[in-house]
Amino acid sequence: MQVTITVNGEPRTADVEERMLLVHFIRDELKLRGTHWGCDTSNCGTCVLWLDGEPVKSCTVLAVMADGHEVRTVEDLAHGAELDPIQTGFMECHGLQCGFCTPGMMMTSRWLLDHNPHPSEEEIRETLSGQICRCTGYKNIVAAVQWAADHPAGADAAATPSEVTA
Amino acid sequence: MTALDDAPRSAAGNPIGFGRMVRKEDARFLRGEGNYVDDVNLPGMLHSAILRSPYAHARIVSIDTSAAEALEGVHAVITGAVLETLGLAWMPTLSMDTQAVLATDKVRFQGQEVAFVVADSRYIAKDALELIEVEYEALPAVVDARTALEPDAPVIRDDKEGQTSNFIYDWEAGNKDETEAAFAAADVVVTEDILYPRVHPAPMETCGAVAHMDAVTGKLTLWTTTQAPHAHRTLYALVAGLPEQKIQVISPDIGGGFGNKVGIYPGYVCAVVGSIVTGRPVKWVEDRSENLMSTSFARDYHMKASIASTRDGKILAVRVDVLADHGAFNGVAQPTKFPAGFFHIFTGSYDYPAAYCSVRAVYTNKAPGGVAYACSFRITEAAYVIERIVDCLASELAMDPAELRLKNLLRPEQFPYTTPTGWEYDSGNYAETMRVAMDLAGYDELRAEQKAKRERGEYMGIGISFFTEGVGAGPRKHMDILGLGMADGCDLRVHPTGKAQVRLSVQTQGQGHETTFAQIVSHELGIPPEDIEVIHGDTDNTPFGLGTYGSRSTPVSGAAAALVARRVKDKARLIAAAALECSPDDLEWELGRWYVKGDPERGRTIQEIAMDAHGPLELPDGVEGHLDAQVVYNPPNLTYPYGCYICVVDVDPGTGQVKVRRFIAVDDCGTRINPMIVEGQVHGGLADGVGMALMELMAFDEDGNHLGGSFMDYLLPTTMECPDWELGETVTPSPHHPIGAKGVGESATVGSPAAVVNAVLDAIAPFGVRHADMPLTPANVWRAIQGSPVRTDLAVE
């Protein structure tokens, strides 16, 4: 079946099997490798991307369900050399270690900040509660989101990394 | 904080040496540009899937692959019979046992590998699995390790000549007679059956491989999820008879390891065979259920622990007898001399003269493995059992568990300290660390709060754990894996412009090596860390070594990095002397520069020396030019990080629900290269501890069905279960490590479960409960409160 999915602003057309998962379409057909695949059961959240502006777990969305819709992945967060503040926050606060959950965590966090620019710690934790990180124990992920909330412009703070504490 | 934060800063703002700096490796991960195994795509690459056994124990009567082979898009269907013709149906495990690559005679655990399909896509490969007809004759399964040696138990390993039972080995350490004598003379003896149940490391990235056997050159390139690429290369050479010079193992970015990626799995071998058979690259990536059901589990230690003390709480002796469930193949990854790993460090952090342990290992119809999940070679079990039994003793003595620990902790003047089971602890100031933790926690206030709450019918608990690890395996005369000594190499090259590359034998799965190893070299040579590239995870481009697990990267490879930098510094001195036309003895070092004593203006920076080393400068006899060096570091001893953890929980006795309210962790890992990374390592390990203590359940029913085979059943902690970790530190450098670092990767996983469990049991102590086994799920806590605790390793009605 032919689908046309707008991915990171560009329409992408492909023939796919009806059963193909969106995560496999993004990774294997489009070779956008930042969206990961971790569990198949919607528990881990490494596959989170945006579908029509909402974070979804792309391991439980069929590619055909995204036909005619808009997808945004982690590759769209940065603007050239300039990182999104959420990316800078993860770096400044050591919110990532192995990096495998990171794209999904950042996509959900970016969505949160777009809808709630100054979330409380509880709101951050609740929003990310459907995603698993095995490395960080979450503290620095929460701090990364708080950092991004505190630095909506991002860039000025990037020059003084040593002054930021996690 | 330490004086390390005073390191001078580079032009980029990074510490020249130790201190907090953001990670060099983050840039690619933040942009979705990591390169994990499943991200490797080669021209003409095929995909694959594994057919797995639905039975825990069954005889294979027949396998019919014809329908699968006929499916369009299928390139090969490989069974154990095919592998037998290649001599590859069985492979050695890391414990000198054998493991089926693809089953030939029987299946021995649910999820065992039976057939391997290579196809155009992973969807077609999975379709083909459905078309393979396997006729099984079901056999009774051995599920309960405690019945594995009963006379009528089915023999799982009837493939092994002379194997007439499910017995694997007996092992012991310590002094049995002295221990028994101490027990006989003691005022108080407390005994408890303590299970450390089977758990799984469950890294977010599952295991996988891309194998490319080049038919023309005969070179095998294998991208694979391995924590030990060099050891894997040698094992592939030994097992498959492939020439080792033509094997390149690449461990690209790894999405978490935690010990899960130490061993060689059948899927890796099948991918290699698939590439040989089809002549094309083959990718194999397991799904989550395959990861949880078939790859290396951790723990599964049934421990009977006894502790003897005087009436006033002076510990006299400890004894632990272990029944170890190793699953269907003995696949634990341990130094050869230590079949139970370093379990005999169970004597812990206390001063007493007598200790003894025995370990009996058995086969069961479960997945193989046993050492994984950030355990430091079974030290997790050891730390748990001593910290649990000390709390049981405190309960028996009606003594505060903090007071009991402080009364028995080793004292600073006792180091180096030889334990009753033979370890030589390098350094420590335990009481100070415990005091720091108690102050951070506000221990006395917490006890007062608990007392007031109990009077109101609220159940709050405070749990303490004081752990000592032995990490950095290890001295090669004592420690090898399959005959490979546990020493690690390191190469350093300083280029003419003064920029450097350091090549490691270890590789990162998230620990931040690309940053911290640059900092180690920077600390020694004064080259800014941003000018030092760390190369790792590729056997063609790095020196030999045993890999990253058991918290060994910093203790072993970190020492190698410091020493190779010192070798370069020594060579730089000779070159600087030639350039300055003076004797090397006239030179003194300041960070990044050799200068003439008494004439500090006359000197050469390391960057200038690098250019001199490659230029026309006439060098003294014996100095070859260029600025590089190699070392192999053979550690003289393990390093012994330690810490004190305090957990505060609230328990709802009506539901058994546990809320971890606070968690205070004070670690002493010696010198901290990058405090930010150290703290991150601790945070992650604490989450592991909360998960294992409260959530992670891997039980089996009587037929051997795995009841934790997905993330819907095998629950891992999320943001909601993890508190805002409160960290502290003390710094007691290791006296024998070149930079005094002890390693920290696994400390928190080792130390934290006991703190959580002790807290829960402290909370429900008023119900008369002294012990209950992990995981302390709401149901299990509730059952314990009702006075009817259950076996958490078996299915519960």
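Q: What percentage of the residues of chain A count as buried?

A: A residue is buried if 20 or more other C-beta atoms lie within 10 Å of its own, exposed if 12 or fewer, and partly exposed in between, with C-beta atoms placed from the backbone. Of the 166 residues of chain A, 57% count as buried. This is a predicted model, in which local features need pLDDT of at least 70 and side-chain atom pairs count only at pLDDT 80 or more, while totals for chains, interfaces and linings use all residues. Residues are numbered from 1 along each chain as its sequence is written, and chains are lettered from A and ligands numbered from 1 in the order in which they are written.

Q: How many helices and strands does chain A have, and what are the dimensions of the box that its C-alpha atoms fill?

A: Helices (H or I, at least four residues) and strands (E, at least two) are DSSP runs, numbered from the N terminus. Chain A has 6 helices and 5 strands, in the order β-β-α-β-β-β-α-α-α-α-α from the N terminus on. The radius of gyration is taken over C-alpha atoms, and the globule rule is 2.2 Å times the number of residues to the power 0.38. For the 166 residues of chain A the rule gives 15 Å; the radius of gyration is 16 Å, close to that value, so chain A is as compact as a globular protein of that length. Along the principal axes, its C-alpha atoms fill a box of roughly 55 × 30 × 25 Å.

Q: How many residues of chain A are in contact with chain B?

A: Two residues are in contact if their C-beta atoms, placed from the backbone, lie within 7 Å. Here 45 residues of chain A are in contact with 46 residues of chain B. Helices H2 (85-92), H3 (102-115) and H5 (139-150) of chain A each supply at least two residues of the side that touches chain B. The largest share of that side, 4 residues, comes from H2(A).

Q: In what order do the strands of the open sheet in chain B lie?

A: Two strands pair if DSSP finds at least two bridges between them. In chain B, 4 strands form an open sheet with mixed pairing, in the order S27-S26-S25-S31. Strands S27 (532-535) and S31 (627-633) of chain B stand at the edges with a single partner strand each, so one side of each is left without a neighbour in the sheet. The twist averages 15 degrees from one strand to the next; axes are lines fitted to C-alpha atoms, for helices over the stretch in contact, and angles run from 0 to 180 degrees between N-to-C directions. Strand S26 (residues 500-504) of chain B is joined to S27(B) by 4 bridges, and the two run parallel. In this pairing, B:Ala500 stands opposite B:Ile532.

Q: Which helix packs on the sheet, and is that helix enclosed or open?

A: H13(B) packs on the sheet, touching strands S25 (488-494), S26 and S27 of chain B, and its direction makes about 130 degrees with that of S27(B). The expected span of a helix is 1.5 Å times one less than its number of residues. H13(B) (residues 513-525) has 13 residues and reaches 18 Å from its first C-alpha to its last, close to the 18 Å expected. Of its 13 residues, 13 are buried, so H13(B) is largely enclosed by the rest of the structure. Just after H13(B), B:Gly526 takes a positive phi of about 80 degrees.

Q: Which residues have the most contacts inside the largest nonpolar core?

A: A nonpolar core is a set of buried Ala, Val, Leu, Ile, Met, Phe, Trp, Tyr and Cys residues joined through C-beta atoms within 7 Å. The largest has 312 residues, and those with the most contacts inside it are B:Val117, B:Val521, B:Ile646 and B:Val760. Helix H14 (residues 553-580) of chain B gives the largest share of this core, 14 residues. Leaving aside neighbours within four places in sequence, the contacts of B:Val521 include B:Ala500, B:Ile532, B:Ala561 and B:Ala565. In H14(B), 20 of the 28 residues are buried, so that helix is largely enclosed by the rest of the structure.

Q: Where does the backbone take a positive phi in a residue other than glycine, and which peptide bonds are cis?

A: Most residues other than glycine have a negative phi, and most peptide bonds are trans. A:Asp40 has a positive phi near 75 degrees and is found in the loop between helix H1 (22-29) and strand S3 (48-51) of chain A. B:His626 has a positive phi of about 65 degrees and is partly exposed, with 16 other C-beta atoms within 10 Å. A cis peptide bond joins B:Phe415 and B:Pro416, with omega about -5 degrees. The bond from B:Met774 to B:Pro775 is also cis, with omega near -10 degrees.
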